[in-house]
Amino acid sequence: MIYDSRMPRYLVLHHAPGLTPEQFQQNVPTVLEGKFATFVQCYANLVDGLIINIYDGDSEQAVAREMERIGFPFDEIKEQQFSASFADLKKMAGG
């Protein structure tokens with residue numbers, strides 16, 4: 001379904017080759033503080049160093065400020081325009 005929320009949701013793309021699970025875990029308390037944007041979800045492939053985080057925030061700038069506060073470099077921040085589950089897609093396909 002098309003994403004509907006009172007606060008915009010953002011996808012944050014990181015390339016962090018060489019990041020270990022221990023280093024990842026060390027950042028967790030800081031991520032959970034959420035001073036400028038609120039962490040929602042993380043998808044990671046640490047073997048390839050690809051991390052996609054989902055944040056709620058007032059703006060792209062607020063999410064960027066949160067990434068700077070955490071001290072975690074990012075490659076892109078994009079506002080989420082669409083989100084769908086398997087069931088949502090089946091419904092869209094008429095099933």
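1. Two strands are said to pair here if DSSP finds at least two bridges between them, and helices (H or I, at least four residues) and strands (E, at least two) are DSSP runs numbered from the N terminus. With those terms in place, β2 and β3 pair in the antiparallel sense over 7 bridges, and Q41 stands opposite I54 in β3. The two strands form a hairpin with 4 residues between them, and G49 in the turn has a positive phi of about 75 degrees.

2. Some caveats on the source belong here. The model is predicted, so that local features need pLDDT of at least 70 and side-chain atom pairs count only at pLDDT 80 or more, while totals for chains, interfaces and linings use all residues. Residues are numbered from 1 along each chain as its sequence is written, and side-chain values use heavy atoms, with hydrogens and water left out.

3. On the overall layout, the chain has 4 helices and 4 strands, and from the N terminus on its elements run β-α-α-β-β-α-β-α. The C-alpha atoms fill a box of roughly 45 × 30 × 20 Å, taken along the principal axes. Of the contacts in the chain with a separation of 6 or more, 72% are accounted for by residues 24 or more positions apart, where contact means heavy atoms within 4.5 Å. Buried residues make up 25% of the 95 residues; buried means under 20% relative accessible area, exposed over 50%, and partly exposed in between, with a 1.4 Å probe and protein chains only.

4. As for β3 itself, 5 of its 7 residues are buried, so β3 is largely enclosed by the rest of the structure.

5. Which side chains does R9 meet in a salt bridge? The side chains of R9 and D56 meet in one, at 2.7 Å from N to O, a salt bridge being a side-chain nitrogen of Lys or Arg within 4 Å of a carboxyl oxygen of Asp or Glu. R9 lies in strand β1 and D56 in strand β3, so the pair ties together parts that are 47 residues apart in sequence. Both R9 and D56 are buried.

6. By this rule the count comes to 4 salt bridges. The side chains of E66 and R69 also meet in one, at 2.7 Å from N to O; being 3 residues apart in helix α3, E66 and R69 are separated by about one helical turn. E66 counts as buried because its relative accessibility is 0%, whereas R69 is partly exposed, with a relative accessible area of 23%. Another salt bridge links the side chains of E76 and K78, at 3.9 Å from N to O, with E76 partly exposed at 37% relative accessible area and K78 partly exposed at 48%. Salt bridges that share partners join E33, E66 and R69 into one network.

7. Helix α3 (residues 60-70) has A62, V63, A64, E66, M67 and I70 as its buried residues.

8. The largest pocket has a volume of about 230 Å³. On a 1 Å grid over the protein atoms alone, a pocket is an open set of points where a 1.4 Å probe fits, with protein on both sides within 12 Å along at least five of seven lines, and lining residues have an atom within 4 Å of a point; grid points are joined across faces, edges and corners, and a volume is the space filled by probe spheres set on the points. The largest pocket is lined by 14 residues, of which F24, V31, F39, C42 and N53 lie nearest its centre. The elements that give two or more residues to this lining are α2, β2 (38-45), β3 and α3.

9. The lining residues of that pocket divide into 11 nonpolar, 3 polar and no charged, where Ala, Val, Leu, Ile, Met, Phe, Trp, Tyr, Cys and Pro count as nonpolar, Asp, Glu, Lys and Arg as charged, and the others, Gly among them, as polar.
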